[in-house]
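Subject: Handing over the structure

Dear colleague,

I am passing this structure on to you, and below it you will find notes on what turned up when it was examined. Please read them with the structure open beside you.

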Amino acid sequence: MPRLISRLQQFRRGSPLSFRLLAYILLFSSVFTLIASGLQIYTDFRKDVSVIDDRLHVIETGYRSSLSRSLWALDQNLIQIQLEGILSLPDIVHLRLRIYPDSELVMGERPKNGTAIRQHSFQIGHQGSIDTQLGELVVTASLERSYSDLQQRIWVILTTQFFKTFVVSILIVWILRQLVTRHLSRMASYARNFSLENLDEPLKLDRPDTLRYRSDELGQVTDAFNQMRERLTEDLERRKRDESEIRKLSMAVEQSPSSVMICDRQWRIEFVNQKFSQLTGYPADQVLGQRPGDLALGGRNTRSTQQLWQTIRLQVQRVGVWQGEVNSVRRNGDRFWEQIVVTSIKDPEGRVTNFLVVGEDISIRKRYEQQLLRQANYDILTGLPNRMLALDRLKLALAQAQRENTLVGVMFLDLDNFKHINDTLGHDAGDTLLVEAARRISASLRGTSTVARLGGDEFLVVLPGLKDPGDTEQVADRILAGFSTPFILGGQEVFVTTSIGIAIYPSDCDNSGTLLQNADAAMYEAKHKGKSAWERFAPEMKEVSHERLQMESRLRRAQELDEFELWFQPIVETATGHVTGAEALLRWNSPVMGLIMPDRFIPLAEETGMIIPIGRWVLEQACMAARRWQEATGRELQIAVNVSPRQFRDPEFVESTLEILTACDLPPNRLEMEITERLILDNSIETATILRQLDEAGIRLSVDDFGTGFSALSYLKSYPFDSLKIDKAFVADVMVSGDNASLVLAIINMAHSLKLTVVAEGVEEPAQQDFLRKHHCDFAQGYLYSRPAPEPDFLAWLRDH
């Protein structure tokens, strides 16, 4: 007991709120327990009394008739037995039977405590012709057993209820302490220890950090504490940041790459930073108290300087800011360009307190602007006027010619085979060629003329103030003569020519744009006629130029619109007549221009670079067709595809070819690439590397149209070719021209000696076939076997042959 009291005292000191709560719980629980227990005891007692009352009524109903018969018969023994039976019932302690008129029979003992009894009486009569009252029985039941049970029940109920109340109270207080009061103590301790030094430590309660706990009252109080801590932390950090920002701002102003000057309301200098001193040469102590205008020209005021700063002051006072470029002077007298911004500084009430002048040295930018202005009007590589300046000068020349009634000649020049030089000798050689070409063109002109580079290898010459159209032709001849001597590129001599188109104002056109187009059309006509020449514009040239422009525009969309088709011509083994493969031939089926043969659009595709995607499409479609033929006929036929030299300059050519073969599941040895002799003559490292890579991959290589370039003979042993194709021009006359027959025979023998197979093109007659078979030509193709046909027609021909 003393230990319990000691524990309670400790509990009272450690958690007074819990102790008070325990006292209140015990008090109110005890009162409630007493009331509830009294109600329960009273209810149980009333139930016991009700049981006794029910028993008395049962005695009345059960014994009245039997006692009536016994009294009527005056059977004393039977009456005695019946009364003893009633007396033996529980709680029945006394019976008194009054027998009318004056007899009485008493059994049992009446309790001394007259209040602890229950009595019940009933009349006993006999029902006959006349109802007769025979007597009255008074039954007395004792309540002592019920009182005894009541006393025992009171003790048990009070004891158990008190113990239960005490235990529940202790449990409630313990739960409350676990859930609430110990956390309140933790909060109180945290609040007592809370300071600016431990803002990093949040309040944490010893309970799970779950959503259910975070949403209750303790969680809300904890959040409130932590939010308060975070706000204090943010305020402290903000204050530190503000202080740091002020320090940084002060350092930034002091160490700013721009000069900073702060003036008071009278425009007297109050502060200048280091950059100002570095930029102007004035130390800070020499400028404080002076006005900005007093520093111009080394302290010597001028009227223009005073007017400038008067304008600045008025502008700032009116709109709050002024910015512009000023030609300032350093202390030593050197001039420099300065970009300055002048703004007013206002207090929170909007009153102007100071003026801020920020300056930046823009001398280098000014030089760059002048350089950019030159770059905007002149070509960087050649130093000639560019397109923009040339067009301006052309418009001025046309305006002058209109006033003076003179002529203006416009010459459009394009270097012949410039792309070939660029691709074979490199871009550095191409740049050298352009510079030298610009020099030669300029040397052929007089002082009033203009030569400009329009871009790439295109040049424009403007000849103003001409009296006769023939003057332009003389200039063109001088330019062509200037290109007759070789160019030295990369240590070797290279002959490069130019094609010139001429248009004359006003006979050919009266506006600059159309005049240039006409000169361009004349230039293409000169190229078409053999290059290294000039052509005067004629109206029909415009139609040709327009047709070429139209074809180029439609060619760019032909692949997208699925207008290209592949036709196939079989290749036959001359000894057996068996079909061994086919050559894929590209056709352009334009809805507008009809079926266009390759010789019309392939050169244009090569010139514009569109040959690379077109060639990739041809290669992919040809390989897919060969795969379909195998599935349809079961025959593994080879497919021959023409490859343009421009495709060899595609760095992804070999990789894309191998990807196509893999995608089509076609073995590399069933693909044969036909290469023109022009590509072999390039003799470049890139060409040799690509041919070697294709050969190592297993792709067959063939020289197409062999015989048109004899200089290629020396390269046949250097490159990994598998076959060569004799040009159809030699095969056509093989039966009528002995020279052609000897040439074809020589090609066959030479190819076989180099272990190359030979394919003869253009076989149209049986006699030609017999000649080729007789002289062991390996393969042939031509109209004798089949004309080129679309794939469905070729596949039908293949099934028949």
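**Helix α19**

Helix α19 (residues 653-664) has 12 residues, and from its first C-alpha to its last it reaches 17 Å, close to the 16 Å expected at 1.5 Å a residue, where the expected span is 1.5 Å times one less than the number of residues. Helices (H or I, at least four residues) and strands (E, at least two) are DSSP runs, numbered from the N terminus. This is a predicted model, in which local features need pLDDT of at least 70 and side-chain atom pairs count only at pLDDT 80 or more, whereas totals for chains, interfaces and linings use all residues. Residues are numbered from 1 along each chain as its sequence is written, and side-chain values use heavy atoms, with hydrogens and water left out.

Buried residues of α19 are Phe653, Val654, Ser656, Thr657, Ile660, Leu661 and Cys664, buried meaning under 20% relative accessible area, exposed over 50% and partly exposed in between (1.4 Å probe, protein chains only). After α19 comes Asp665, whose phi is positive, near 55 degrees.

**Helix α23**

The 16 residues of helix α23 (residues 738-753) should span 22 Å at 1.5 Å a residue, and its end C-alpha atoms are 22 Å apart, which agrees. In α23 the buried residues are Asn740, Ala741, Val744, Ile747, Ile748 and Ala751. Seen down the axis of α23, they fall within an arc of 125 degrees, so they line one face of the helix, while the face turned away from that buried side carries the exposed residues Asp739 and Ser753. The buried residues of α23 pack against β22 (700-706), β23 (723-726), α22 (728-732), β24 (757-760) and α24 (766-774), with contact meaning heavy atoms within 4.5 Å.

**Nonpolar cores**

The largest nonpolar core has 75 residues, and those with the most contacts inside it are Trp629, Ile639 and Leu724; such a core is a set of buried Ala, Val, Leu, Ile, Met, Phe, Trp, Tyr and Cys residues joined through side-chain atoms within 4.5 Å. Helix α18 (residues 611-633) gives the largest share of this core, 10 residues. A second, separate core of 31 residues includes Leu407, Ala429, Phe459 and Leu480.

**Aromatic rings**

The structure holds 11 aromatic pairs, counted where rings of Phe, Tyr and Trp (its six-membered ring) have centres within 6.5 Å, with planes under 30 degrees apart taken as stacked, over 60 as edge-to-face and the rest as tilted. One of these pairs is Phe564 with Trp588, which is tilted, at 6.3 Å centre to centre and 50 degrees between the planes. Phe564 lies in strand β17 (residues 564-573) and Trp588 in strand β18 (residues 579-590), so the pair ties together parts that are 24 residues apart in sequence. Phe564 is buried, with a relative accessible area of 4%, and Trp588 is buried, with a relative accessible area of 0%. Ring pairs link Phe564, Trp588, Phe601 and Trp617 into a cluster.

With kind regards

Note on methods: The arc is that of the directions from the helix axis to the C-beta atoms.
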